[in-house]
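Please open the model in a viewer and follow the selections below in order. Each stop names what to select and then describes what is found there.

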Amino acid sequence: MLRDPRMYITVAAVALIVALIVGRANGLAGMAIGLICATFGAVALWMLIIAIGSAVSKGGSAGRGTIFIVIVVFLKLPLLVAGNMLSKRIGEAAPGCFLAGVVLVYSALVVWAVARN
């Protein structure tokens, strides 16, 4: 159950609904920005882990795909900063919901990793 992606999609949908109820449109926007930015970062990190694992197991050198993945990983932090700035510009409940979305994604990532073992 904890490894099923549908559960995490459901949790994200519930979080968006709660953000809409609590923070109205601004809260919904902040939560959506947080979920998108953090999901991008988590997927980029996972892609990097897979690329490093395959390079080590095959003994190969870094190809174009690996270099692209590393660049994407380096874009993670500026994207989070830009999302935070955007949520602050929206105002009201958006910054808090943005942070809640980021924490939700990384907490779900920890739960998924623990359930995997």
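Select Leu48 to begin: at a relative accessible area of 16% this residue is buried, where buried means under 20% relative accessible area, exposed over 50% and partly exposed in between, with a 1.4 Å probe and protein chains only. The model is a predicted one, in which local features need pLDDT of at least 70 and side-chain atom pairs count only at pLDDT 80 or more, while totals for chains, interfaces and linings use all residues. Residues are numbered from 1 along each chain as its sequence is written, and side-chain values use heavy atoms, with hydrogens and water left out.

Leu48 belongs to helix α1; helices are DSSP runs of H or I with at least four residues, strands are runs of E with at least two, and both are numbered from the N terminus. Setting aside residues up to four places away in sequence, Leu48 touches Ile69, Val70 and Val73, contact being heavy atoms within 4.5 Å. A separation of 7.4 Å lies between the C-alpha atoms of Leu48 and Val73, which are 25 residues apart along the chain.

Next, select helix α2. Which residues of α2 are buried? They are Ile69, Val72 and Val73. Viewed down the axis of α2, these buried residues fall within an arc of 100° and so line one face of the helix; the arc is that of the directions from the helix axis to the C-beta atoms. On the face turned away from this buried side, α2 carries the exposed residues Arg64, Phe68 and Phe74.

Helix α2 (residues 64-74) and helix α3 (residues 76-90) pack at an angle of about 30°, their axes 4 Å apart. Axes are lines fitted to C-alpha atoms, for helices over the stretch in contact, and angles run from 0 to 180 degrees between N-to-C directions. The two helices are therefore roughly parallel to each other; the term covers angles under 35 degrees, with over 145 roughly antiparallel, 65 to 115 roughly perpendicular and the rest oblique. Val72, Val73 and Phe74 of α2 meet Lys76, Leu77 and Pro78 of α3 in this contact.

Now keep α3 and bring in helix α4 (residues 94-116): the two axes come within 7 Å and cross at roughly 150°. These helices are therefore roughly antiparallel to each other. Among the residues making the contact are Leu80, Gly83 and Ser87 of α3 and Ala94, Pro95 and Phe98 of α4.

Centre the view on Ser87 in helix α3. Is Ser87 buried or exposed? At 0% relative accessibility, Ser87 counts as buried. Apart from neighbours within four places in sequence, Ser87 is in contact with Ala94, Pro95 and Phe98.

Select Glu92 next, in the loop between α3 and α4. Although not a glycine, Glu92 has a positive phi of about 50°. Glu92 is exposed, with a relative accessible area of 61%.

Finally, display the one aromatic pair of the structure. The rings of Trp46 and Trp112 have centres 5.3 Å apart and planes at 90°, so the pair is edge-to-face; rings of Phe, Tyr and Trp (its six-membered ring) pair if their centres lie within 6.5 Å, and planes under 30 degrees apart count as stacked, over 60 as edge-to-face and the rest as tilted. Trp46 lies in helix α1 (residues 5-58) and Trp112 in helix α4, so the pair ties together parts that are 66 residues apart in sequence. Trp46 is partly exposed at 35% relative accessibility, and Trp112 is partly exposed at 22%.
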